[in-house]
Amino acid sequence: CPKGVAVRRRRIQGAVLLGVAVLALGLVLVAWLGPQSLERQRLLLGTFVQVKAYGADPEALERAVADAIAEVERVGQAFSRVGPGALGALNRAAPGEAMALPQEVWDLLERAQALGAQSGGAFDVKLGALADLWGFAEDWDGTGRVPDQAEIDAFLAAPRGLELLPGGRARRLGAATIDLGAIAKGHAVDRAIAVLRQHAVQAGLVNAGGNVRVFGQVPEPVLFWSVPRPFQVGVQHPRRPGEVLGGLTLEAGQGVATSGDYQRYFEADGLRHHHVLDPRTGRPARGLISSTVVAPTATEADALSTATFVLGPQAGLALVEALPGVEAVLVDADGRIWVSSGLDAARFTF
Ligand code: AMP
Ligand code: MG
């Protein structure tokens, strides 16, 4: 009868409305509980530090990002070559005088020595006095000076050593002033990633002035859910500020760093004098204008990007090819791009 039909229709309408309401509530919950992201940026270590975290709990994201930024700041201070920390003290101690160092500092010095040996001496943390000769102080003010050849020769002729002694002690020898500027940012990034991992967050990225490491994968929203996709980072074009040379797809946990002649430099006599110094000549390295290295950690990526920059395209690529899990994108002085064998089109596009 017509009355029965109307009742059934109303029941169906009611059921549909209830269904829609339940679905809408479900979607709101998914959106609310699903992964969110938080990004903060700070000026630290004379550079731009960026921390990003993904996770479901906004308070955990806040705490994780704040703690990671604090860790970058702590490491930056601990590894200053002139500051009140252990490294500054080692540099102020008389040559030959053994000093006890915090384990973290001793360990990074040991890592730096090993990478120095692997690079055939191109990576050298004993060049602090040479950086000063060129005016590249730690808190660089944008200016510089070209030293006389006699000053450079005197620096090159003086013996320089760093001895790591048992019991966490170390001493500098001769004219060595220890400068961890080419590896400490990477270490700071690794430490900050370790801090992010201690919090209830799903994935994250830390970038300290072009020294990057990621953990996990980006939860990408797809319809009402999220699927993980790898982190992607742009490689800065060395001659076009704000433009990328290409894009790198990172595997979970990887680090990547770029050294370039466009980061800290001054011009004199029509030449660009930048801050990555070749220990063989005592002058800015000339073979490359940019070197990007992907490695299992940010510490290695940082040190190896500087090392390859000094070595130039052939020797730089040979070093990278000899190291497992390490890849590179180099740009030489003529603008030619050199890509290591492990970076196929899926991992580097340009
Ligand atoms: P990066 O930006 O990581 O390539 O590091 C450059 C910084 O490392 C410079 O500002 C110096 O403090 C220091 N440095 C310069 N030349 C060298 C070198 N050949 N080996 C190690 N550290 C270096
Ligand atoms: Mg470096």
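The legends below describe close-up views of a predicted model. In this predicted model, local features need pLDDT of at least 70 and side-chain atom pairs count only at pLDDT 80 or more, while totals for chains, interfaces and linings use all residues. Residues are numbered from 1 along each chain as its sequence is written, chains are lettered from A and ligands numbered from 1 in the order in which they are written, and side-chain values use heavy atoms, with hydrogens and water left out.

**View 1. Donors of the magnesium ion (ligand 2).** Ala182 (O), Asp302 (O), Asp302 (OD) and Thr306 (OG1) coordinate the ion at 2.0 to 2.5 Å. Donors are N, O and S atoms within 2.8 Å of the metal (3.2 Å for Na, K and Ca); water is not among the atoms, so sites may look incomplete. The sequence spacing of the donor residues is A-x119-D-x3-T. Ala182 lies in the loop between β5 (169-174) and α7 (184-197), and Thr306 in helix α8 (residues 298-311), so the pair ties together parts that are 124 residues apart in sequence. Helices (H or I, at least four residues) and strands (E, at least two) are DSSP runs, numbered from the N terminus. Thr306 counts as buried because its relative accessibility is 12%; buried means under 20% relative accessible area, exposed over 50%, and partly exposed in between (1.4 Å probe, protein chains only).

**View 2. Surroundings of ligand 1.** Ligand 1 is surrounded by 16 residues, the closest being Asp179, Ser259, His275, Leu277 and Thr306; a residue counts if one of its heavy atoms lies within 4 Å. Helix α8 gives the largest share of this shell, three residues.

**View 3. Glu71 in helix α2 (residues 58-78).** Glu71 is buried because its relative accessible area is 9%. Its side chain makes a polar contact with the side chain of Arg74 (2.8 Å). A polar contact is a pair of N or O atoms within 3.5 Å; within protein, one must be able to donate a hydrogen and the other to accept it, and residues adjacent in sequence count only if both atoms are side-chain atoms.
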